[in-house]
Structures are given as structure tokens and as C-alpha cells.
Amino acid sequence: MQRTSFAEMHCSIGQALERVGEWWTPLIVRDINLGLHRFDDIAENLGISRNLLTRRLGTLITDGIVERRAYQERPLRYEYHLTEAGRELVPVLMALMAWGDKWATPEAGPPVRLMHHECGAEFTPQVCCSACAKPVTTANVTALPGPGAASGPGTRVLARRSGIEPEEP
């Protein structure tokens with residue numbers, strides 16, 4: 001099944017989904033982050049077909065989220081590691097995991113627990129304000145036009161409401 005492309009969407013979420021929105025991508029990134037760097041280990045852990053994993057890894061490499069590193073010369077074999085962009089995606093996946101733990105957890109409970117290295121505490125990921133470190137929610141945040149704000153797919157109505165695009169007659 002062909003999925004919709006968000007490549008032309010003038011929205012950071014749409015652009016992010018263009019790169020990481022395919023179903024297998026977050027699970028592949030998760031596995032690499034958990035230390036599964038070899039193709040066969042990732043394929044076995046996910047139960048994904050080799051052809052599909054090859055395509056997804058290729059896209060992740062092209063998008064700068066994963067890099068390939070040779071670990072053996074004869075025959076040539078590679079490991080897969082997260083780039084800086086891939087490592088910065090991991091907290092997003094942790095937040096998604098926290099949502100899943102709360103709203104879609106298996107009957108036996110969450111399958112993974114997270115421990116913070118600096119303080120040793122188990123924690124539940126939260127999105128916090130970068131200025132005051134308090135948790136952010138839909139109730140305490142307002143979205144304002146940014147420097148790249150423009151009218152386009154994904155931002156047309158918001159642009160009109162903020163005065164970037166005049167109301168149509």
C-alpha cells in the first residue's frame with residue numbers, strides 16, 4: 001500500500017513524519033538505540049522481512065538518521081548506528097512509549113522501564129519547557145507563528161488565522 005507523502009507539507013510535524021512516519025521506522029530506531037546494530041539481529045528481533053528492513057534502513061541512511069559502519073572486510077558486513085539526528089529522535093520515542101504505557105499498555109504492564117543514569121531513578125518521560133523545565137500540556141501552551149511561518153499544506157488555516165494569509169472573500 002502506497003502511503004501519502006508529506007514532502008510538500010509546510011509543517012515540521014509533516015516533515016518529520018515524511019522521514020520517520022513509516023510504521024517500522026520507530027521500531028528500527030528503538031532497536032538500534034537498544035544496541036542491536038547488526039542487520040540479522042534487527043530483522044530477528046522485529047520479525048520484519050529482509051527486503052523491507054533493507055529498504056527502511058536505506059531510507060534512514062538517506063535521511064541522515066542512521067549511518068552504516070563496516071565491521072568486517074571479507075565478506076563486507078555493516079553495523080547500523082544512530083547519527084546525531086537519530087539520537088535526538090530517541091526522546092520522542094520515549095514520550096511515545098510513555099503514552100503507550102498509559103493508554104495502550106499490555107495487560108501485564110509496561111514491557112520496558114527507563115532509568116536515568118545521572119540520578120539512578122526510574123522515570124516516565126515528559127515533555128518540559130526548555131526555559132523553566134515545567135511539564136507542558138495542551139492546557140498550558142499556545143502555538144504562535146514562527147520565523148518560517150507561511151501559508152501552505154498543513155499550515156494554511158493557521159496562517160490565515162494569524163494574519164499571514166488574508167481571509168478569502
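Student: How far apart are the mean positions of the positive and negative charges of the protein?
Tutor: The structure is a predicted model. The protein has 18 positive and 20 negative charges.

Student: Which pattern of helices and strands does the protein follow along the sequence?
Tutor: The secondary structure comes to six helices and four strands. Read along the sequence, these elements follow the pattern α-α-α-α-β-β-α-β-β-α.

Student: Is the protein compact or spread out, and what is its radius of gyration?
Tutor: For 169 residues the globule rule gives 15 Å, and the radius of gyration is well over that value, so the protein is more spread out than a compact globule. Along its principal axes, the C-alpha trace spans about 65 × 40 × 30 Å. The radius of gyration is 20 Å.

Student: What percentage of the residues in the protein is buried?
Tutor: A residue counts as buried when its relative accessible area is under 20%. The accessible surface of the protein comes to about 12600 Å², and 55% of that surface belongs to carbon and sulfur atoms. Of the 169 residues, the buried part is 22%.

Student: Within what arc do the buried residues of helix H2 fall?
Tutor: Helix H2 covers residues 24-33, and its buried residues are Thr25, Ile28, Val29, Asp31 and Ile32. Seen down the axis of H2, they line one face of the helix, because their directions fall within an arc of 160°.

Student: Which helices and strands do the buried residues of H2 pack against?
Tutor: The partners of these buried residues include both helices and strands. The strands are S1 (66-72) and S2 (77-82). The helices are H1 (12-20), H3 (39-46), H4 (50-62) and H5 (84-103).

Student: Which residues is Ile28 in contact with, leaving aside its neighbours within four places in sequence?
Tutor: Ile28 is found in helix H2. Its relative accessible area is 0%, so Ile28 is buried. Its contacts are Leu46, Ile48, Leu53, Arg56, Leu57 and Leu60.

Student: What is the phi of Gly35, the residue that follows H2?
Tutor: Gly35 comes after helix H2, and its phi is positive. The value is near 105°.

Student: What is the phi of Ala133?
Tutor: Most residues other than glycine have a negative phi. Ala133 is not a glycine, yet its phi is positive. This residue is in the loop between S4 and H6, and it is exposed, with a relative accessible area of 52%. The phi of Ala133 is near 70°.

Student: Is the peptide bond from Arg74 to Pro75 cis or trans?
Tutor: Most peptide bonds are trans. Pro75 is found in the loop between S1 and S2. With omega near -10°, the bond from Arg74 to Pro75 is cis.

Student: Is Thr155 buried or exposed?
Tutor: Thr155 has its place in the loop between strand S4 (122-123) and helix H6 (156-161). A residue under 20% relative accessible area is buried. Thr155 has 15% relative accessibility, so it counts as buried.

Student: Which residues does Thr155 touch, not counting those up to four places away in sequence?
Tutor: Contact here requires heavy atoms within 4.5 Å. Ala43 lies 112 residues from Thr155 in sequence, and their C-alpha atoms are 38 Å apart. The residues that Thr155 touches are His10, Cys11 and Ala150.

Methods
Residues numbered from 1 in each chain as written. Predicted model: local features only at pLDDT ≥ 70, side-chain atom pairs only at ≥ 80, totals over all residues. Heavy atoms only, no water. Buried < 20%, exposed > 50% of the residue type's maximum accessible area, 1.4 Å probe, protein only. Helix = DSSP H or I, 4+ residues; strand = E, 2+ residues; numbered from the N terminus. Arc of directions from axis to C-beta. Rg over C-alpha atoms; globule rule 2.2 N^0.38 Å. Areas by Shrake-Rupley, 256 points an atom, 1.4 Å probe, with all protein chains shown as cover. Lys, Arg positive; Asp, Glu negative; His and termini not counted. Charge placed at Lys NZ, Arg CZ, Asp CG, Glu CD.
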